[in-house]
Amino acid sequence: MKTFLTMNHLIAYFGTRQKMAEQLGVSYSTLNTYINKDPRKLLTLLPELKGFTKLSADEILKMVQEQIDNHDEEGATKK
């Protein structure tokens with residue numbers, strides 16, 4: 001059985017997107033843009049994400065990749 005790690009799992013480590021943005025040192029608007037429009041930019045926050053969540057880089061990369069895949073699929077269906 002495949003376990004899906006999603007962006008919601010990552011956000012849950014912080015409680016809310018607002019708290020996540022504050023702890024990562026970015027604005028709420030910037031974080032939402034990263035998550036919703038350009039998930040690859042979340043990788044710029046990888047060291048901070050690892051530090052706050054204690055997750056491995058691989059685990060975080062899987063979550064970000066899932067978000068990228070979902071974003072790409074949504075874009076493909078809108079065209």
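Trainee: What should I know before reading the values?

Mentor: This is a predicted model, where local features need pLDDT of at least 70, side-chain atom pairs count only at pLDDT 80 or more, and totals for chains, interfaces and linings use all residues. Residues are numbered from 1 along each chain as its sequence is written, and side-chain values use heavy atoms, with hydrogens and water left out.

Trainee: What makes up the secondary structure of the protein chain?

Mentor: Five helices and zero strands. The order from the N terminus is α-α-α-α-α. Helices (H or I, at least four residues) and strands (E, at least two) are DSSP runs, numbered from the N terminus.

Trainee: Why is Leu42 called buried?

Mentor: Buried means under 20% relative accessible area, exposed over 50%, and partly exposed in between (1.4 Å probe, protein chains only). Leu42 has a relative accessible area of 1%, so Leu42 is buried. Leu42 sits in the loop between helix 3 and helix 4. Across the protein chain, buried residues make up 30% of the 79 residues.

Trainee: Which residues does Leu42 touch, beyond those up to four places away in sequence?

Mentor: Met7, Leu31, Tyr34, Ile35, Leu49 and Val64. Contact means heavy atoms within 4.5 Å.

Trainee: What makes a group of residues a nonpolar core?

Mentor: It is a set of buried Ala, Val, Leu, Ile, Met, Phe, Trp, Tyr and Cys residues joined through side-chain atoms within 4.5 Å. The largest one here has 19 residues. Met7, Leu10, Met20, Leu42 and Leu49 have the most contacts inside it. Helix 1 (7-12), helix 2 (17-24), helix 3 (28-36), helix 4 (46-53) and helix 5 (57-78) each give two or more residues to this core. Helix 5 gives the most, with four residues.

Trainee: Which residues is Met20 in contact with, leaving aside neighbours within four places in sequence?

Mentor: Leu10, Ile11, Phe14, Leu31 and Leu49.

Trainee: Why are helix 2 and helix 3 called roughly perpendicular?

Mentor: Start with the angle, about 105 degrees, with the axes 9 Å apart. Axes are lines fitted to C-alpha atoms, for helices over the stretch in contact, and angles run from 0 to 180 degrees between N-to-C directions. Angles under 35 degrees count as roughly parallel, over 145 as roughly antiparallel, 65 to 115 as roughly perpendicular and the rest as oblique. Helix 2 and helix 3 are therefore roughly perpendicular to each other.

Trainee: Which residues meet between helix 2 and helix 3?

Mentor: From helix 2, Arg17, Gln18, Met20 and Ala21; from helix 3, Tyr28, Leu31, Asn32, Ile35 and Asn36. By class, that contact has five nonpolar, three polar and one charged residues. Ala, Val, Leu, Ile, Met, Phe, Trp, Tyr, Cys and Pro count as nonpolar, Asp, Glu, Lys and Arg as charged, and the others, Gly among them, as polar.

Trainee: How do you know whether Ser29 is buried or exposed?

Mentor: Ser29 has 52% relative accessibility, so Ser29 counts as exposed. Ser29 lies in helix 3. Its C-alpha atom and that of Arg17, 12 residues apart along the chain, are separated by 9.8 Å.

Trainee: What about Asn8: buried or exposed?

Mentor: At 58% relative accessibility, Asn8 counts as exposed. Asn8 belongs to helix 1. Asn8 and Gln67 are 59 residues apart in sequence and 9.7 Å apart in space, C-alpha to C-alpha.

Trainee: How is Ala57 classed by relative accessibility?

Mentor: Ala57 has 24%, so Ala57 counts as partly exposed. Ala57 lies in helix 5. Not counting residues up to four places away in sequence, Ala57 touches Leu46 and Lys50.
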